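Try each one yourself before reading its solution.

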Amino acid sequence: MSDHEQQQPAPRRGKVLEALARAERKVFTRPAPKSAKAQMRFLLTRTKGSTKALAERLGVSRRTVERYRAGTLTTPQKRMRAALVEETESEWQPQVRAQARHQTATSSGMMVDVTAYFGFTCTGSSDDGRERTITTAISPTYAKQILQLQEVGATEEDLHPIVAQAITESYFTEWGTRADGLRADFTQVLRIDFRF
């Protein structure tokens with residue numbers, strides 16, 4: 001088996017983390033590199049030309065990185081392609097992403113569009129948990145908490161409570177004007193999208 005075939009699987013993100021990454025990609029002012037060779041060149045600039053550091057980041061051998069850079073390998077396998085796209089987009093236009101994140105966390109907040117099973121607890125009576133599709137605005141305060149958790153490497157399970165709390169406050173309790181004491185929790189997220 002060649003170095004090219006001995007790739008480690010690309011890391012999998014949960015639905016909330018993937019939705020945050022998609023929201024960031026939508027703020028790019030220029031498209032990220034698409035070909036494997038262009039992605040390798042770009043990532044090598046980010047690792048200051050270190051093929052060893054990039055190979056470790058991608059979970060491949062140093063020789064594989066060199067082959068892509070030289071153009072002798074051009075069609076990555078599915079796992080390698082996913083790792084290249086994820087790493088490239090995580091490094092692409094950092095100033096544009098930082099500006100969008102700052103605006104989201106300080107003034108504009110963000111929109112969330114989610115289909116999930118919500119479970120409820122409340123003082124008094126409450127509905128049983130069920131699937132709901134909700135589109136609502138999240139305040140800058142909650143947006144800031146969500147983005148900070150993402151930056152420090154929070155897991156999907158770490159993000160669910162804060163996203164559920166933000167949705168509860170903006171959608172179910174309408175910022176404290178109704179359903180006092182209601183708390184909604186995700187029991188399963190089917191689909192989620194964020195917009196900065």
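**Exercise 1.** What is the mean pLDDT of the protein, and what share of its residues reach 70 or more?

*Solution.* Keep in mind that this is a predicted model. Its mean pLDDT is 86, and 88% of the residues reach 70 or more. Next, look at residues 1–11: pLDDT stays under 50 there, and the model has 25 contacts beyond four places in sequence for this stretch.

**Exercise 2.** Decide whether Thr 136 is buried or exposed, then find its side-chain polar partner.

*Solution.* Start by locating Thr 136 in strand 2, which covers residues 130–138. Its relative accessible area is 8%, so Thr 136 is buried, the cut-off being under 20%.

**Exercise 3.** Which element gives the most to the largest nonpolar core?

*Solution.* This core has 30 residues, and those touching the most other members include Phe 118, Ile 167 and Ile 192. Several elements supply at least two residues each, among them helix 1, strand 1 and strand 3. Helix 8 gives the most, with 7 residues. Now zoom in on Ile 192: its contacts beyond four places in sequence include Val 16, Ala 19, Val 114 and Val 163.

**Exercise 4.** How far apart are Tyr 68 and Ala 36 in sequence and in space?

*Solution.* Tyr 68 sits in helix 4, residues 62–70. In sequence, 32 residues separate Tyr 68 from Ala 36, while their C-alpha atoms are 6.7 Å apart. Finally, check accessibility: Tyr 68 is buried, at 0%.

Methods:
Residues numbered from 1 in each chain as written. Predicted model: local features only at pLDDT ≥ 70, side-chain atom pairs only at ≥ 80, totals over all residues. Heavy atoms only, no water. pLDDT = per-residue confidence, 0-100. Contact = heavy atoms within 4.5 Å. Helix = DSSP H or I, 4+ residues; strand = E, 2+ residues; numbered from the N terminus. Buried < 20%, exposed > 50% of the residue type's maximum accessible area, 1.4 Å probe, protein only. Core = buried A, V, L, I, M, F, W, Y, C linked by side-chain atoms within 4.5 Å.
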